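Please keep the structure in view while reading.

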Amino acid sequence: MADDMLKFVSRAQAMPDKRTVDTRRADFGEIYAPYDPKAAADQAARCSQCGIPYCHIHCPLGNNIPDWLKLTAEGRLEEAYDLASATNNMPEICGRICPQDRLCEGNCVIEKDFDAVTIGSVEKYIADTAWDQGWVKPFTPSRERGESVGIIGAGPAGLAAAEELRRAGFQVTVYDRHDRPGGLLTYGIPGFKLEKHVVLRRTDRLTASGITIQCDFEVGRDATMADLRAKHDAILIATGVYRPRDLKCPGVGMDGIHAALDYLIASNRKGLGDTVPAFDDGTLDAAGKHVVVIGGGDTAMDCVRTAVRQGAASVKCLYRRDRDNMPGSVREVQNAEEEGVDFVWLSGPEAFLGDAHVSAVRAYRMALGAADATGRRAPVQVPDSSFQIDCDMGILALGFEPEDLPVLFGEPALRVTRWGTVTVDHPTMMTNLDGVFAAGDIVRGASLVVWAIRDGRDAAEQITSYLLSKTTAKGAAA
Ligand code: FAD
Ligand code: SF4
Ligand code: SF4
């Protein structure tokens, strides 16, 4: 009932409890406790049920947020889950790792005067409850279809597309070069933001619903694009972006300096129980080391917080802008600070120093100049401002670029942009190759999980139309 809602004036915002800093630093478990049923209902009831819900408009998936908040406030959780999962293939994952302060919650109308409704935490609560209660089950399409779709990449874009295509009855095979599915959900994002069993229960459900996930299969090594096109009626490229952006400064190639993803993958693999020689011999383990991470995005935040948990002697984050202008989520910066990370704002690396192994980074101070084309103030170097930070491990988290897919896939005709992202036609999401579509980071450049899911869903819709129109055309010709 409506009078169960609109409690934002009398009831304060309350995020789920956070574990104490000492316990957080000691393991890789998630830092937020779950809501109990009363807290979830109370927080959901703060929603003012806006006529024009800006939360919904600013959710990339267009989630029906006010409706599932109301159902939660009324204790109708199974219906809330049905609604939440109708627009989102992974609500418990987005509830955990979307930067809500920039999306739904940042646009909640009560945010300014009363603090936003805790939309992400309620979404996580609804979906985790659904899993606990056994409401999330493998599904069977209402009719099987003969056409097959090959998807390259088992990250959120590929998996969301796979689920939607399978629901439509198609035969779906997802290929991934890693030994486990999930893409960056499994191997990039650390467990303290997203525990791995949360990802793997989703992928297990997809295989139980008839989707084939072929791991350890690298397109380019184990098959060419032409091989896959001969095998499937349509292809989706959802390979993400993995080439680390270069840092051009003296000493960058010396021992002890690592690319962020190498470091995070090793840590995630250890958490999954794998043998990782480069970690086990100490190379990619920050224990006892003085660590400097260069960068200010989500990846940098994940590196600094991983180093804290590995027992680093000190962890510093060097970023060329200030706190207000960094790309990482405000919440994640706050979590990192609580855990003991030292931010060195307005600083850039000038050189890495040492003999064979890094022993220090020489940096310079930056100041913020005029706003650039995107409206962000560009950092400029302050003359004669060099200073030195001792370190024995450097991690470079400066972003990612696409690999050279036309070369990798043996398909020189595949059209890419000058940045290497795959060019697609809008709104069909088809590349210049007939029946070959693309979605996720490989089209957008490094982005967010929620956008990858959105793209995967959109691509599935377009692939469905493509395949059905081909079948209709064949029928008409027969
Ligand atoms: P990916 O998740 O990268 O998946 C692509 C898959 O394709 C991978 O499994 C890869 O193995 C496979 N693949 C690649 N090439 C081949 C090939 N030739 N053959 C077979 N398989 C191949 N986003 C958020 O919303 N919140 C966060 O907190 C967040 N944190 C992040 C932290 C880190 C460290 C990083 C790197 C990213 C983070 N992101 C976050 C961004 C988010 O993870 C990505 O935007 C999202 O995963 C992109 O999805 P995707 O499916 O396009 O690609
Ligand atoms: Fe907010 Fe992300 Fe959930 Fe959308 S998917 S409601 S942006 S947490
Ligand atoms: Fe509720 Fe905020 Fe969305 Fe309004 S904008 S419907 S108050 S969650």
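Predicted model: local features only at pLDDT ≥ 70, side-chain atom pairs only at ≥ 80, totals over all residues.

Among contacts in the chain between residues at least 6 apart in sequence, what percentage join residues at least 24 apart? The share is 70%, in a chain that is built from 19 helices and 16 strands. Its radius of gyration is 23 Å, close to the 23 Å that the globule rule gives for 478 residues, so the chain is as compact as a globular protein of that length. The C-alpha trace spans about 75 × 60 × 45 Å along its principal axes, and buried residues account for 54% of the 478 residues.

In soluble globular proteins, nonpolar side chains tend to be buried together. Here the largest nonpolar core holds 75 residues, of which Trp 68, Ile 93, Ile 151, Leu 185 and Leu 236 touch the most other members. Helix H19, residues 449-477, gives the most to this core, contributing nine residues, and the core draws at least three residues from each of domain 1 (2-132) and domain 2 (148-241 + 402-477). When neighbours within four places in sequence are left aside, Leu 185 is in contact with Met 90, Ile 93, Ile 97, Pro 156, Leu 194, Lys 196, Val 199 and Val 449. Another core, of 24 residues, lies apart from the largest one and includes Ala 300, Ala 312, Met 326 and Val 341.

Turning to the ligand site, ligand 3 is surrounded by residues including Cys 47, Cys 50, Cys 55 and Cys 108, together with Ser 48, Pro 53, Pro 66 and Leu 69. The shell around ligand 3 divides into ten nonpolar residues, one polar residue and no charged residue.

Conventions. Residues numbered from 1 in each chain as written. Chains lettered and ligands numbered in written order. Heavy atoms only, no water. Core = buried A, V, L, I, M, F, W, Y, C linked by side-chain atoms within 4.5 Å. Buried < 20%, exposed > 50% of the residue type's maximum accessible area, 1.4 Å probe, protein only. Helix = DSSP H or I, 4+ residues; strand = E, 2+ residues; numbered from the N terminus. Domains from an automatic or database assignment. Contact = heavy atoms within 4.5 Å. Near = heavy atom within 4 Å. Nonpolar A, V, L, I, M, F, W, Y, C, P; charged D, E, K, R; others polar. Rg over C-alpha atoms; globule rule 2.2 N^0.38 Å.
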